[in-house]
2 protein chains.
Amino acid sequence: MKLPEEKDILRGDIRAVARAIRAVEDDWPGSRELLTRLFPHAGRALILGITGPPGAGKSTLVDRLTTRFRKAGKTVGVVAVDPTSPFTGGAILGDRIRMQNHATDDGVFIRSMATRGALGGLSATTAGALLILDASSKDILIVETVGVGQDEVDIASEADIAVVVLVPGLGDEVQALKAGIMEIADVFVVNKADRDGADRLASEIEMMLSLTGETKGDRPPVVRTVASASQGIDDLVKTIEEVRGRRDANGEMARRRRERLLRQFETQVEVLVMAKVRRRIDALDSSLKLRERVQNRSIDPYSAADETVSAAAE
Amino acid sequence: MKLPEEKDILRGDIRAVARAIRAVEDDWPGSRELLTRLFPHAGRALILGITGPPGAGKSTLVDRLTTRFRKAGKTVGVVAVDPTSPFTGGAILGDRIRMQNHATDDGVFIRSMATRGALGGLSATTAGALLILDASSKDILIVETVGVGQDEVDIASEADIAVVVLVPGLGDEVQALKAGIMEIADVFVVNKADRDGADRLASEIEMMLSLTGETKGDRPPVVRTVASASQGIDDLVKTIEEVRGRRDANGEMARRRRERLLRQFETQVEVLVMAKVRRRIDALDSSLKLRERVQNRSIDPYSAADETVSAAAE
């Protein structure tokens, strides 16, 4: 559990970066202090959130975007918190091949995050990983999440720019997912746009956006891609850059970053307070036996919590 | 914001139950005390968790299970926390019809939960709703969640019996979802079993289960259904009852319920402590200006959290 050297992280050494992220994930001693030291070196990268239903082709899109950014001379960090991603759980089904496209490229760092049991929650761990990658001088950070689940959607929505990926033909029930993620989109992608139904899906999105009452220029743009054939990627990057330019100009980018820092602060307060409270409860419990009483139903969980918190405050 | 009468909830009055759940969701004054008073009347119902990828037909299956349980004279409560469910977000796409199958039946109560922004988190709100339905004398409680997202999978896994629904032909990437939910299954359902690939999917599941080293009798059973045609539902109910019987006998059911109560207690401690800490921070912040300093990057979120928690402890 030896923490990596700060200077190795800053120069983007892949092993040091990987070790730092692991330290944050597993809450090694000193990992919080490491993040504090890295903080002044971060805040430069553009953070893209890529989200959408399973089967939308998010990982392929992330791969193609990475290639495209690399060609433009930019370094890229990818954090995949999508359990369906080939970078994470999906790998069980045997598709690690895409990662290998960048395996020999020091300008790319790809990391999957455990989606369950993360200490301090998924969003705290993801924020830590992004801070490390940012400090390691990556220009573009991509965080890929599946567009279902409260934490997962929140993570994408906290990016500088949230890209929502949809596909034609997944069926109404799957598309219903979009109901939950429509509101967070800064850019829509209709992927697999060579399939039947792509026009209809794009029109549906445009129509829905027209109902928001925003003028056309303010609405999230809709881009068509066929990620597997690398089609539309230039267009998507151009659109992302336009959105970025507009937001830099009107102060929206700065506002989002301030908001994100505030949420990170609040999350960290929760992490610290809860760790403290848990220790206090463990100490109290030997006398109160609340856990035992809850388990045998001699007290309800609500009253037991009241009693614990009152006792802890004394 | 008038709380319903306890006696009306206990006799299963639909309006009183609906109002009580709303009170818990929106954290009305007195809602915690109401749950405390209902607690002694709960603990009797069987809680089924139904989870699986979007498009697996979970809602149709829940509907058919409800019909089947009703025929056997049992009352049913359904809590849908699936954003793809026609009971919740999916309703936007216009499928409320299935709910109407039970609209005139006082023995069925169906409630969708907001998946975002729930006070105290999704699992606390769901636990409250299940407690209310349990106290209202429902025999069977079904909690439907989409099998993606940490909170959503956790909720299903905390049921008495977790049913994981899969379907053939959703594509490898979608099926990769199962990697995240396989471990929580007590019963597998291969739904839409009349489709091509149903045999292959069932064999894949059986093969995967055989690798766990458990003897065949201990492995989760695999049931085939065509929920839309009401096929296999009797079989599924029989299987659920067998699993229940085995677990009642070997003490596993009691163990799970004790564990669930313990987690509810811990969640409630978190809810109370965090509410308290937030008030304290608001009071502190006027002097410390930490939020402002975090937002303009003059302090990092980790150090700011340390400072807050130290100050709050004084």
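Guide: Let's start with a term: a residue is buried if 20 or more other C-beta atoms (placed from the backbone) lie within 10 Å of its own, exposed if 12 or fewer, and partly exposed in between. This is a predicted model, so to speak of local features we need pLDDT of at least 70, and side-chain atom pairs count only at pLDDT 80 or more, while totals for chains, interfaces and linings use all residues. Residues are numbered from 1 along each chain as its sequence is written, chains are lettered from A and ligands numbered from 1 in the order in which they are written.

Visitor: Does Ala229(B) count as buried, exposed or partly exposed?
Guide: Ala229(B) sits in the loop between β7 (222-224) and α11 (233-250) of chain B; helices (H or I, at least four residues) and strands (E, at least two) are DSSP runs, numbered from the N terminus. It has 13 C-beta neighbours inside 10 Å, so Ala229(B) counts as partly exposed.

Visitor: How far apart in space are Ala229(B) and Lys192(B), C-alpha to C-alpha?
Guide: Lys192(B) belongs to another loop, the one between β6 and α10 of chain B. In sequence, Ala229(B) and Lys192(B) are 37 residues apart. In space, their C-alpha atoms are separated by 9.2 Å.

Visitor: Is Lys192(B) buried or exposed?
Guide: The phi of Lys192(B) is near 55°, which is positive in a residue other than glycine. Since 25 other C-beta atoms lie within 10 Å, Lys192(B) is buried.

Visitor: Which residues is Ala193(B) in contact with, leaving aside neighbours within four places in sequence?
Guide: Ala193(B) is in the loop between β6 (187-190) and α10 (198-210) of chain B, and it counts as buried because it has 21 C-beta neighbours inside 10 Å. Contact here takes C-beta atoms, placed from the backbone, within 7 Å. By that test, Ala193(B) is in contact with Ala198(B), Arg224(B), Thr225(B), Val226(B) and Gly232(B).

Visitor: In what order do the seven strands of chain A form their open sheet?
Guide: Chain A has 14 helices and seven strands. Strands pair if DSSP finds at least two bridges between them. The edge strands, each pairing on one side only, are β3 (108-112) and β7 (222-224) of chain A. The pairing is parallel, and the order is β3-β2-β4-β1-β5-β6-β7.

Visitor: Which residue stands opposite Leu48(A) in β5(A)?
Guide: Strand β1 (residues 46-52) and strand β5 (residues 161-166) of chain A run parallel and are joined by four bridges. Opposite Leu48(A) stands Ile161(A).

Visitor: At about what angle does helix α4 of chain A run to β4(A)?
Guide: Helix α4 (residues 58-71) lies across β1, β2 (76-80), β3, β4 (140-146), β5 and β6 (187-190) of chain A. Axes are lines fitted to C-alpha atoms, for helices over the stretch in contact, and angles run from 0 to 180 degrees between N-to-C directions. Helix α4 of chain A runs to β4(A) at about 175°.

Visitor: How far apart are the end C-alpha atoms of helix α2 of chain A?
Guide: Helix α2 covers residues 14-25 of chain A, 12 residues in total. The expected span is 1.5 Å times one less than the number of residues.

Visitor: Which residues have the most contacts inside the largest nonpolar core?
Guide: A nonpolar core is a set of buried Ala, Val, Leu, Ile, Met, Phe, Trp, Tyr and Cys residues joined through C-beta atoms within 7 Å. The largest has 164 residues. Beyond four places in sequence, Ile132(A) touches Ile9(A), Val17(A), Ala20(A), Ile21(A), Val24(A) and Leu38(A). The residues with the most contacts inside this core are Ile132(A) and Ile132(B).

Visitor: What is the mean pLDDT of chain A?
Guide: pLDDT is the predictor's confidence in each residue, from 0 to 100. In chain A, 86% of residues reach 70 or more, and the mean is 84.

How values were computed: Contact = placed C-beta atoms within 7 Å.
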